[in-house]
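Colleague: I have a model open and want to learn how to read it. Where do we start?

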Amino acid sequence: MRRRREGTGAAPSALWGRLACFWAAAFAGLHFYWALGGEVGLSISAGPLAGERPLWFVVAGLWGMGALCLLGALLAWLLAGPGLRGVPARLARWLGGGVSVLLLARGIGIEVLLLTDATHLNTAVSVGQRAWTLALWNPWFVAGGLAFGLAALRSRRHADAEPPRQARRT
């Protein structure tokens with residue numbers, strides 16, 4: 001039986017899943033805010049598309065990404081919980097690992113491209129966009145990638161440490 005940390009009420013293995021869930025829910029909320037007409041931060045994130053707001057951008061880029069982030073929050077919540085076993089647990093861990101790889105590749109990849117000025121020919125990215133991307137957005141993606149990766153890893157340890165449901169005594 002695993003010990004719970006004093007004062008948190010959460011098993012140590014659930015912490016990363018809950019952090020990943022919070023990360024994904026916050027990102028979903030930001031996309032829904034933008035989809036409903038919010039302006040703060042969108043021009044820095046999306047550049048010229050923020051001003052134009054074509055229908056495809058609002059539907060796929062804002063509502064669609066918000067919905068994907070909610071699915072990510074659900075996945076993270078499942079990784080934090082003790083209830084998954086067998087194939088569903090393995091699938092959730094694989095998905096969590098995949099989300100981690102995508103977020104880390106996006107965060108670190110764009111950071112490297114901007115820091116090495118590999119995009120010097122692209123004039124569509126403003127100086128302000130570069131600065132905010134380096135200081136806020138990419139670290140945010142790296143943090144989410146780390147949270148999902150650790151949630152997937154810790155979920156396995158959590159599941160392996162607990163006896164099967166049938167063997168538990170109440």
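Modeller: With confidence. The protein chain averages a pLDDT of 82, and 79% of the residues score at least 70. pLDDT is the predictor's confidence in each residue, from 0 to 100. This is a predicted model, so local features need pLDDT of at least 70 and side-chain atom pairs count only at pLDDT 80 or more, while totals for chains, interfaces and linings use all residues. Residues are numbered from 1 along each chain as its sequence is written, and side-chain values use heavy atoms, with hydrogens and water left out.

Colleague: Over which residues is the pLDDT below 50?

Modeller: Where pLDDT is low, the predicted coordinates should not be read in detail. Here that applies to residues 3-7, with pLDDT below 50. Beyond near neighbours in sequence, this stretch has 7 contacts in the model. A contact means heavy atoms within 4.5 Å. Among the elements, mean confidence is lowest in helix 2, at 80, and highest in helix 4, at 94.

Colleague: How many helices and strands does the chain have?

Modeller: The count rests on DSSP runs, numbered from the N terminus: helices are H or I with at least four residues, strands are E with at least two. The protein chain has 6 helices and 0 strands. Take contacts between residues at least 6 apart in sequence: 71% of them join residues at least 24 apart.

Colleague: What share of the residues is buried?

Modeller: Buried means under 20% relative accessible area, exposed over 50%, and partly exposed in between (1.4 Å probe, protein chains only). Of the 170 residues in the protein chain, 34% are buried.

Colleague: Which residues have the most contacts inside the largest nonpolar core?

Modeller: A nonpolar core is a set of buried Ala, Val, Leu, Ile, Met, Phe, Trp, Tyr and Cys residues joined through side-chain atoms within 4.5 Å. The largest one has 26 residues, with the most contacts made by Trp-23, Phe-27, Leu-42, Leu-62 and Phe-148. Helix 1 (12-35), helix 2 (42-46), helix 4 (55-80), helix 5 (86-115) and helix 6 (127-161) each supply at least two of its residues. Look at Phe-27: not counting residues up to four places away, Phe-27 touches Cys-69, Trp-137, Trp-140 and Phe-141.

Colleague: Is Val-99 buried, partly exposed or exposed?

Modeller: Val-99 is partly exposed, because its relative accessible area is 27%. Val-99 sits in helix 5. Beyond four places in sequence, Val-99 touches Leu-75 and Phe-148. Leu-146 is 47 residues from Val-99 in sequence, yet their C-alpha atoms are 9.8 Å apart.

Colleague: What is the phi of Arg-53?

Modeller: Phi of Arg-53 is near 45°, a positive value in a residue other than glycine. Arg-53 lies in the loop between helix 3 and helix 4. Leaving aside neighbours within four places, its contacts include Trp-34, Glu-39 and Leu-62.

Colleague: Which residues lie nearest the centre of the largest pocket?

Modeller: Rolling a probe the size of a water molecule over the atoms shows where empty space is left. On a 1 Å grid over the protein atoms alone, a pocket is an open set of points where a 1.4 Å probe fits, with protein on both sides within 12 Å along at least five of seven lines; lining residues have an atom within 4 Å of a point. Phe-27, Met-65, Leu-103, Arg-106 and Phe-141 lie nearest the centre, among 47 lining residues.
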